[in-house]
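Have a go at each task before you read its solution.

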Amino acid sequence: MARVAAEPESPMGSSQEAITLIAATLENVVRHNQDLRQSQPTSFDAVSAPAITVHRYLSRIRQYTKFQDECYVVALVYLDRLFYSHKAPFLPTAHNVHRLIITSVLIASKFYDGVQPRAARARPPPRRARAPP
């Protein structure tokens, strides 16, 4: 009887585990910065904090986009650089973290997966033949 090789396990563990860890990290940072909106509002802040949790938001993004798990890790690295390496620190709050997440995941997907918007993949229009003079 032939043996079927098992798929290699991801170095990150299960996909849901990776999403859970990333969400916990971001929620911890947001909790730490919860009082900053009054003293340091940004133009990236929403009027009110979204009702959806960071974990549920990441899970929905993963469910509907099918990006590879590594995209979420790259997105977290981008956010880390934004939060801690900027001249004027950009601090995530409950009012801006969802916008930061979707932005960083989309940028990471373009880098890691090579995903292009549909318009970029479309063929150019056919060339018209020139009319004789």
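**Exercise 1.** Find where Val-29 lies, and decide whether Val-29 is buried or exposed.

Solution. Start with the location: Val-29 is part of helix α1. Keep in mind that you're looking at a predicted model. Next comes the accessibility, and for Val-29 that is 17%. Buried means under 20% relative accessible area, so Val-29 counts as buried. Now look for partners, skipping its neighbours within four places in sequence: Val-29 is in contact with Tyr-84 and Pro-92. Pro-92 sits 63 residues away from Val-29 along the chain, yet their C-alpha atoms are separated by 7.1 Å.

**Exercise 2.** Work out how α1 is oriented relative to helix α4, and list who makes the contact.

Solution. Helix α4 covers residues 69–85. Its axis and that of α1 come within 10 Å and cross at roughly 15 degrees. Angles under 35 degrees count as roughly parallel, so α1 is roughly parallel to α4. As for handedness, this crossing is left-handed. On the α1 side the contact uses Ser-15, Ile-19, Ile-22, Thr-25, Leu-26 and Val-29. On the α4 side you'll find Asp-69, Tyr-72, Val-73, Leu-76, Leu-79, Phe-83 and Tyr-84. Sort them by class and you get ten nonpolar, two polar and one charged.

**Exercise 3.** Which helix holds Ser-104, and which residues does Ser-104 touch?

Solution. Look at residues 97–112, which form helix α5; Ser-104 lies there. Its relative accessibility is 6%, so Ser-104 counts as buried. Leave out residues up to four places away in sequence, and Ser-104 touches Ala-75, Tyr-78 and Leu-79.

**Exercise 4.** Locate Phe-67, then say whether Phe-67 is buried or exposed.

Solution. Go to the loop between α3 and α4, and there is Phe-67. With 11% relative accessibility, Phe-67 counts as buried. For a distance check, compare Phe-67 with Leu-106: the two are 39 residues apart in sequence, and 9.3 Å apart from C-alpha to C-alpha.

**Exercise 5.** Step back to the whole chain: how many helices and strands does it have, and what percentage of its residues count as buried?

Solution. Count the elements and you get six helices and zero strands, which read along the sequence as α-α-α-α-α-α. Of the 133 residues, 28% count as buried. For the contacts, take those between residues at least 6 apart in sequence: 81% of them join residues at least 24 apart. Finally, the accessible surface comes to about 10,100 Å², and 57% of that belongs to carbon and sulfur atoms.

Definitions and conventions
Residues numbered from 1 in each chain as written. Predicted model: local features only at pLDDT ≥ 70, side-chain atom pairs only at ≥ 80, totals over all residues. Heavy atoms only, no water. Helix = DSSP H or I, 4+ residues; strand = E, 2+ residues; numbered from the N terminus. Buried < 20%, exposed > 50% of the residue type's maximum accessible area, 1.4 Å probe, protein only. Contact = heavy atoms within 4.5 Å. Areas by Shrake-Rupley, 256 points an atom, 1.4 Å probe, with all protein chains shown as cover. Axes fitted to C-alpha atoms, helices over the stretch in contact; angles between N-to-C directions. Parallel < 35°, antiparallel > 145°, perpendicular 65-115°, else oblique. Left-handed = near helix turned anticlockwise from the far one by under 90°. Nonpolar A, V, L, I, M, F, W, Y, C, P; charged D, E, K, R; others polar.
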